[in-house]
Amino acid sequence: MSEEQLIEKILSGDKEAFRLLMEKYQQQVFRVAIGFVHSRQDAEDITQEVFIRVYRSLNSFKEKSLFSTWLYRITINTSINYINKNKRRNLLTNAGNNLMSLLNKSNEERDAHQQLEATEIEKSIQKAIDGLPEKQRKAFILSKYEDLSQREIAEIMQTSEGAVEQLLVRAKKSLQKKLAYLVGK
Amino acid sequence: MKIDNYIDDFIRKEKEKQVNPYLATRVLAKLEKNDEAVVFGTVAPIWKKLAVAASFALVIAVGFGLGSMVKGDKEYISININDAQLENLNLYTLIDYDE
């Protein structure tokens with residue numbers, strides 16, 4: 001069944017058609033969401049919210065662009081809204097995690113120490129990605145998590161390919177600057 | 001290890017994570033639940049508003065009805081009030097005052 005037929009069926013109230021559409025795109029939405037929030041639970045919440053929004057606003061989808069382009073836009077907006085809404089909660093969670101890792105540090109042995117170091121590196125990368133300016137972050141996630149071309153990213157972000165290229169170059173430079181201390185490890 | 005490798009490793013691990021296979025079912029269940037909520041959410045207040053408006057109208061109509069049902073002769077008591085008698089100014093002006 002083609003995408004257009006699937007959308008037509010959903011618009012006529014066929015929920016099974018919507019299930020098919022979700023199954024086709026859920027991993028893609030989940031991957032982008034995880035790029036923004038780095039947590040399976042949060043990414044699933046976002047994915048769920050995205051599909052509810054898609055179901056409710058499918059009649060406003062104009063087939064001028066690809067369905068996937070429209071879906072990526074909704075996913076990015078939902079992820080950013082989710083992050084802004086949960087900022088305070090995330091601060092508390094991070095503080096709790098840091099405290100736990102400090103407590104663990106004093107108790108565990110050498111192997112665990114290495115594991116902790118790896119976790120610390122991951123946290124630093126996560127923090128560096130999260131600290132990118134919004135546009136750079138969007139372009140970086142679409143490029144790295146979805147392997148999209150600059151042309152596709154430009155269409156999703158409604159900008160030029162040149163602008164996307166600039167955003168990616170700046171994002172890469174910024175990450176390298178922030179994570180430069182890892183080179184010695 | 002180069003920074004790019006660290007970043008690529010991190011992203012590769014995140015990309016390996018799989019979405020919950022029951023997510024689609026969960027979304028459909030939530031949509032059904034929301035549909036019900038929408039139905040109840042829109043019908044109930046209308047009924048409430050109608051009930052409140054109807055009860056107000058009923059109370060006012062009953063009030064008018066009862067009021068217009070009251071009949072009978074009304075007895076008035078006429079009171080003749082003479083200001084000059086009630087307040088004799090001589091008391092204050094001391095005219096004709098006998099010591």
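Modeller: Start inside chain A: 11 residues of domain 1 of chain A are in contact with 8 residues of domain 2 of chain A. This is a predicted model, where local features need pLDDT of at least 70 and side-chain atom pairs count only at pLDDT 80 or more, while totals for chains, interfaces and linings use all residues. Residues are numbered from 1 along each chain as its sequence is written, and chains are lettered from A and ligands numbered from 1 in the order in which they are written.

Colleague: What makes two residues "in contact"?

Modeller: Their C-beta atoms, placed from the backbone, lie within 7 Å.

Colleague: Which elements give two or more residues to the domain 1 side in chain A?

Modeller: α2 and α4 of chain A do. Helices here are DSSP runs (H or I, at least four residues; strands are E, at least two), numbered from the N terminus. By class, that side of domain 1 has 5 nonpolar, 4 polar and 2 charged residues. Asp, Glu, Lys and Arg count as charged; Ala, Val, Leu, Ile, Met, Phe, Trp, Tyr, Cys and Pro as nonpolar; the others, Gly among them, as polar.

Colleague: Where do the domain bounds come from?

Modeller: From an automatic or database domain assignment. For chain A it gives domain 1 (3-85) and domain 2 (131-182).

Colleague: Why is α3(A) called oblique to α4(A)?

Modeller: Their axes come within 9 Å and cross at roughly 130°. Angles under 35 degrees count as roughly parallel, over 145 as roughly antiparallel, 65 to 115 as roughly perpendicular and the rest as oblique. The crossing angle falls in the rest, so α3(A) is oblique to α4(A). The axes are lines fitted to C-alpha atoms, for helices over the stretch in contact, and angles run from 0 to 180 degrees between N-to-C directions.

Colleague: Which residues make that contact?

Modeller: Among them are Ile46(A) and Val50(A) of α3(A), and Leu71(A) and Ile74(A) of α4(A). By class, the contact has 6 nonpolar, 3 polar and 3 charged residues.

Colleague: And how many residues of chain A touch chain B?

Modeller: 28 residues of chain A are in contact with 17 residues of chain B. α2(A) gives the largest share of the chain A side, 10 residues.
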